[in-house]
Amino acid sequence: MACLKLGTKPDAFRLDDHTWQCIGGLPSDVTIEIGGTSFNLHKFPLISRSGLLSKLIGDSPNEDGPICAIHLNDIPGGAKVFELIAKFCYDVKLEVTSHNVISLRCAAEYLQMTDDYGDENLITQTEIFLNEAFTTWSDTMNALESCEEVYSDAEELDLISRCIDSLAVKACAGPSAYIMHNTSAASAAKPQSLTDNWWYKDVSFLNLHLYKRVIQAMEANGMRPEIISGSIVGYAKKYIPLMNRQSSFNDASHSKPVYTPSEADQRALLEEIVGLLPNRKKIVGTKFLIRLLRSAMVLHVSPSCKENLERRVGAQLDSAHVDDVLIPNQGFNSIDTLYDVDCFQRMLDYFMSMESSSIHNSPCIVEEGPFEEDVPQSLTSVTSVANLVDLFLADVAADVNLKLSKFQSVAAGVPDYARLQSDGIYRAIDIFLKAHPWLADCEREQICRLMNIQKLSLDASTHAAQNERLPLRVIVQVLFFEQLRLRTSIAGWFFVSENEDQMSNKNEGDVVRAQAPRRMSEMRERVLELERECEKMKFEIREVKTKKSWIFFCKRRRHRRY
């Protein structure tokens, strides 16, 4: 740590209670009062160095006798700093360090200790030392932290900006510059032992208003957004205790930090943190953004801050995990859902509005959905979000407070082409129907329109064909498309079999022909079974319709009779 030694005389001051006395020499003829501390000094050493003290002492009346009393309650740094200034005026030995130079510089300015009142006065000495301190990271950090003690004066003298600009330049220069300008670090660490986040820990000790200005200065100096965001994430986790908690209903307890800021402080800090985050997509992790959003809801931040976070999460919703987007509802109403479905839908809507401009052509619906690696790159993110929506709906569908209209709105938030298969949405619909057995038949048919039956896998189709919760019409459609799929598979099998016969040798051809009758028999049995089930369903539908028509006819005849 840099140090400037001034003065040549040994210490000549003694503290008695709250009064500093000058040892030896002439009796004091001036008393400086600062708060509850007094300094019994001599006029000449003070007026020879300070323009302000020269004026105050000269204007002071002598009504109280030979001792002049001066009050300096507004001096930056208070009595602690004036003690050093008194030593400087008396040429007593003192040390100027990076911890006290800012206070000394402000106090020297307040006391008008320019070179007009002595060569190499305190203003000049502190400026020389500041220029030296700004050459190293650690001394500059110490100087910036000490600005808190004399904030308004340091701001007026532009000392804070000088410290921040110096730090920003050093941070942007990289770890090699840090080691080169810190000799103590150079002996203990090699350049490759430090990474781009070497400055994170130091700036995390700054108060918010200083930290914010440091980050903004680094950004202005060209620091990469991903490095800046790493520091912001660490700062938020350090000073917002809610960020370190698992916002899940499965938590049994939470570890409490040593110091817990008030909710108002956390709310103000969170809103400032959101404003500092880089605006570029995928720079900040989605998981962190969602945790920040959860904390924002608990702390009741401003609507604009909450909307900002929702839009940030929505912009990169394709990288979110279903456990993260299951955000507990902050409402206390008994009719509220367990999870905040409205928040998820707002994020989903924003994602789709961003993606809709980049997707021009929708892929055609095919009978057998393509594998995920076959999906064009432009649709991969939409497909990921469609899977996320289906998983989210499957988790919230069991909530009896979830309305049908809300379920439909979320499910329809992604287009049909984004779902490679309908298994996910079918599972969510089945859970919803099970949790809402009071739904009318028309409502059941309405919710089933959300899934594309042609995209159901074989297992899902088999399950749906036997699912009593589904409307009869939907079950018939499932059976029909399964039958159609089997017919297509048989036709394809014949085509492959014929090609194999032409390309294989005689022995291989004998094996294929020997297996063909057995495979054909299995296929025919499956087709016949499906046709019987389909005919049975059609017959039951006609029975229901006939019964309803007969009841209606009887009611009309009874009405005419009376």
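**Figure 1. Surface and overall make-up of the predicted model.** The protein exposes about 30,700 Å² of accessible area, of which carbon and sulfur atoms supply 52%; such areas come from the Shrake-Rupley method with a 1.4 Å probe, and for residues only the protein chains shown count as cover. The model is predicted, so that local features need pLDDT of at least 70 and side-chain atom pairs count only at pLDDT 80 or more, whereas totals for chains, interfaces and linings use all residues. Residues are numbered from 1 along each chain as its sequence is written, and side-chain values use heavy atoms, with hydrogens and water left out. The protein contains 25 helices and seven strands, which are DSSP runs numbered from the N terminus (helices: H or I, at least four residues; strands: E, at least two). Of the 562 residues, 44% are buried, where buried means under 20% relative accessible area, exposed means over 50%, and partly exposed lies in between (1.4 Å probe, protein chains only). Among contacts (heavy atoms within 4.5 Å) between residues at least 6 apart in sequence, 71% join residues at least 24 apart.

Figure 2. Arg 14 has Gln 21, in S3, as its bridge partner. Two residues lie between the strands of this hairpin, in which Asp 17 takes a positive phi near 60 degrees.

Figure 3. Phe 82 lies in helix H3 and, at 0% relative accessibility, counts as buried. Leaving aside residues up to four places away in sequence, Phe 82 touches Ile 32, Ile 34, Phe 39, Leu 41, Leu 72, Ile 75 and Leu 111. The C-alpha atoms of Phe 82 and Ile 32 are 9.5 Å apart in space, while the two residues are 50 residues apart in sequence. Ring pairs also link Phe 82 with Trp 20 and Phe 39 into a cluster. Glu 83 forms a salt bridge with Lys 87, and their closest N and O atoms are 3.7 Å apart; Lys 87 is buried, with a relative accessible area of 13%.

Figure 4. In helix H4 (residues 101-110), Arg 105 and Glu 109 are four residues apart, or about one helical turn, and their side chains meet in a salt bridge of 2.8 Å, N to O. Arg 105 is buried, with a relative accessible area of 9%, whereas Glu 109, at 36%, counts as partly exposed. The side chains of Glu 355 and Lys 281 likewise meet in a salt bridge (3.9 Å, N to O). This second pair links distant parts of the chain, with Glu 355 in helix H18 (residues 341-356) and Lys 281 in the loop between helix H14 (263-276) and helix H15 (286-299), 74 residues apart. Glu 355 counts as buried at 9% relative accessibility, while Lys 281, at 44%, counts as partly exposed. Salt bridges that share partners join Arg 105, Glu 109, Glu 127 and Arg 162 into one network.

Figure 5. A search of the whole structure finds nine aromatic pairs, in which rings of Phe, Tyr and Trp (its six-membered ring) have their centres within 6.5 Å; planes under 30 degrees apart count as stacked, over 60 as edge-to-face and the rest as tilted. Trp 199 and Tyr 200 form an edge-to-face pair, at 4.9 Å centre to centre and 85 degrees between the planes, and Trp 199 is buried at 0% relative accessibility. The planes of Phe 407 and Phe 432 meet at 35 degrees, with ring centres 4.8 Å apart, so this pair is tilted. Phe 407 in helix H20 (residues 404-411) and Phe 432 in helix H21 (residues 423-435) are 25 residues apart, and their pair links distant parts of the chain. At 0% relative accessibility, Phe 407 counts as buried, and Phe 432, also at 0%, counts as buried. Lys 238 lies over the face of Phe 205, at 3.7 Å from the ring centre; a charge sits over a ring if NZ of Lys or CZ of Arg is within 6 Å of the ring centre and within 35 degrees of the ring normal.

Note on methods
Salt bridge = Lys/Arg side-chain N within 4 Å of Asp/Glu carboxyl O. Pairing = 2+ DSSP bridges.
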